[in-house]
Amino acid sequence: MDPKSLIGAIDEKSCLDFLSMMVRQKSHSQTEGERELARIMARQMEAIGLQSELQPFDNGDRFNAIGRLKGTGGGKSLLFNGHLDTNPVTEGWTVDPWGGLVDDKFIYGIGVSNMKAGDAAYFCAVKTLLGAGVRLKGDVILTYVVGELQGGVGTLAAIRNGVKADYFINSEPSDLAAVTMHAAALSFVIELTGDTRHLSKREQSVDAIAAACDLIPRINAMTFSDARSEVHRSINRGHVGVVHGALGRELEEWRPPQVSDFVRIRGSARYAPGQTQEGVLADLAAELTQLETRFPGLKAKLVPEMIEGRPLMPPFEVSPTSRIVTSINAAYEAVRGEKQPTGAITPTRFYGTDAGHLYHELGMEGIVCGPGGRYNTMPDERVDIVDYLDMIRVYMLTILDICEVA
């Protein structure tokens with residue numbers, strides 16, 4: 001069976017229609033639309049001959065769609081992982097975010113990049129192989145999870161329901177690059193307490209806003225202790241996203257002639273495999289100790305911000321010599337005639353993805369590689385058609401290599 005003839009035989013219109021159908025489903029996180037799209041995916045997988053099920057979790061209020069193409073035996077198994085939930089629609093759209101519009105270059109819609117194009121690509125890859133009569137030795141498992149935007153609760157539920165394989169591909173948008181490492185995510189809150197005075201006595205005060213202005217660029221420039229290599233350190237990043245300063249813990253704003261004595265900062269840190277949450281918090285605490293020295297009388301408090309029901313997303317890493325990496329590299333080169341960008345790719349290295357859960361919970365070797373990315377989470381979110389179709393082809397060749405033809 002000639003792989004080149006297989007990848008040249010995909011039904012491009014059918015693949016685009018399938019993705020448009022997915023985009024038209026309003027699958028915001030924790031909504032009936034999210035549940036309905038899971039039901040649709042389960043029916044679609046069953047229709048092409050996969051063993052399909054809806055796996056409930058969260059007291060039965062949510063469920064993942066899981067499909068399995070059973071192999072004849074003797075080959076390695078390959079799991080595809082993607083989420084169905086999407087971000088909300090923002091201002092600035094010039095096309096219908098739910099229309100699934102296709103023009104001569106792009107397919108548009110909310111969630112098409114993050115990450116329905118990846119979801120559709122691995123479905124269409126399997127459908128095309130089955131339509132060509134291909135039989136595989138190893139199993140292919142398709143997971144359509146919900147709740148990735150709540151820290152990956154859907155993938156964690158699938159893992160606890162026994163979903164696993166020899167290798168995985170997480171199809172988050174990477175513009176078809178092979179991402180071999182990404183960061184863990186940690187949110188934190190910093191509270192700065194100063195000492196107020198009227199502006200006429202400002203020299204006697206401890207200005208919490210002035211201290212925050214000193215601190216924020218330092219946090220944004222931070223890297224963290226115990227990085228295994230400079231590559232690992234390159235995915236370290238501190239970031240402040242919310243700042244509120246005024247008078248008192250209630251942050252009263254009606255008295256601007258007084259020096260603000262309280263600031264609350266919310267931020268996020270990214271750190272690499274081998275580094276720890278405890279180490280990151282210790283580094284942040286050390287920065288606050290130095291801030292207190294620069295602003296005598298200031299009191300700084302740091303706490304990690306944990307949201308109930310939202311797990312932390314752990315880091316992910318795979319060796320560039322792993323079979324899944326070399327397999328998808330070879331598939332990409334066969335499709336595009338050039339080397340695949342591979343490694344700790346920017347900006348994907350700063351993402352949090354469900355690959356971290358598969359790596360951390362199961363010790364699986366995998367790769368993050370999907371269509372979309374450059375127009376991700378923005379008005380008129382879209383994916384290049386050529387990237388979507390080439391991703392299907394790359395996935396097909398990777399399946400053939402990992403699972404082997406029977």
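Predicted model: local features only at pLDDT ≥ 70, side-chain atom pairs only at ≥ 80, totals over all residues.
**Exercise 1. Find where the largest pocket lies relative to domain 1 and domain 2.**

Step 1. The largest pocket holds about 780 Å³ of space. Of its 29 lining residues, Ala-185, Ser-187, Ser-268, Arg-270 and Met-313 are the closest to the centre.

Step 2. Strands S9 (184-193), S10 (237-246) and S11 (262-271) each supply at least two residues of this lining. By class, the lining has 13 nonpolar, 10 polar and six charged residues.

Step 3. Both domain 1 (3-182 + 315-403) and domain 2 (184-304) give residues to the lining, so the largest pocket lies between them.

**Exercise 2. Identify the element that gives the largest share of the lining of the second largest pocket.**

Step 1. The volume of the second largest pocket is about 270 Å³. It has 16 lining residues, and those closest to its centre are Tyr-271, Met-313, Pro-314, Pro-315 and His-360.

Step 2. Helices H5 (153-160), H8 (277-294) and H10 (355-362) each supply at least two residues of the lining.

Step 3. The largest share, four residues, comes from H10.

**Exercise 3. Decide which parts of the chain the salt bridge between Glu-191 and Arg-264 ties together.**

Step 1. The side chains of Glu-191 and Arg-264 meet in a salt bridge at 3.4 Å, N to O.

Step 2. Glu-191 belongs to strand S9 and Arg-264 to strand S11, so the pair ties together parts that are 73 residues apart in sequence.

Step 3. Buried means under 20% relative accessible area. Glu-191, at 13%, counts as buried, and Arg-264, at 18%, is buried too.

**Exercise 4. Classify Asp-384 and Arg-374 as buried, partly exposed or exposed.**

Step 1. Asp-384 and Arg-374 form a salt bridge, with the closest N and O atoms 2.7 Å apart.

Step 2. Asp-384 has 12% relative accessibility and therefore counts as buried. Arg-374 has 46% and therefore counts as partly exposed.

Step 3. Both residues belong to a network of salt bridges that also includes Glu-12, Asp-175, Arg-336, Asp-387, Asp-390 and Arg-393.

**Exercise 5. Describe the surroundings of Phe-63.**

Step 1. Phe-63 is placed in strand S2 (residues 62-69). Its relative accessible area is 12%, so Phe-63 is buried.

Step 2. Leaving aside neighbours within four places in sequence, Phe-63 is in contact with residues including Arg-35, Leu-54, Phe-57 and Val-146.

Step 3. Val-146 is 83 residues from Phe-63 along the chain, yet their C-alpha atoms are separated by 7.0 Å.

Key:
Residues numbered from 1 in each chain as written. Heavy atoms only, no water. Buried < 20%, exposed > 50% of the residue type's maximum accessible area, 1.4 Å probe, protein only. Contact = heavy atoms within 4.5 Å. 1 Å grid on protein atoms, 1.4 Å probe; cavity = no way out; pocket = protein on both sides within 12 Å on 5 of 7 lines; lining within 4 Å. Points joined across faces, edges and corners; volume = space filled by probe spheres on them. Nonpolar A, V, L, I, M, F, W, Y, C, P; charged D, E, K, R; others polar. Domains from an automatic or database assignment. Salt bridge = Lys/Arg side-chain N within 4 Å of Asp/Glu carboxyl O.
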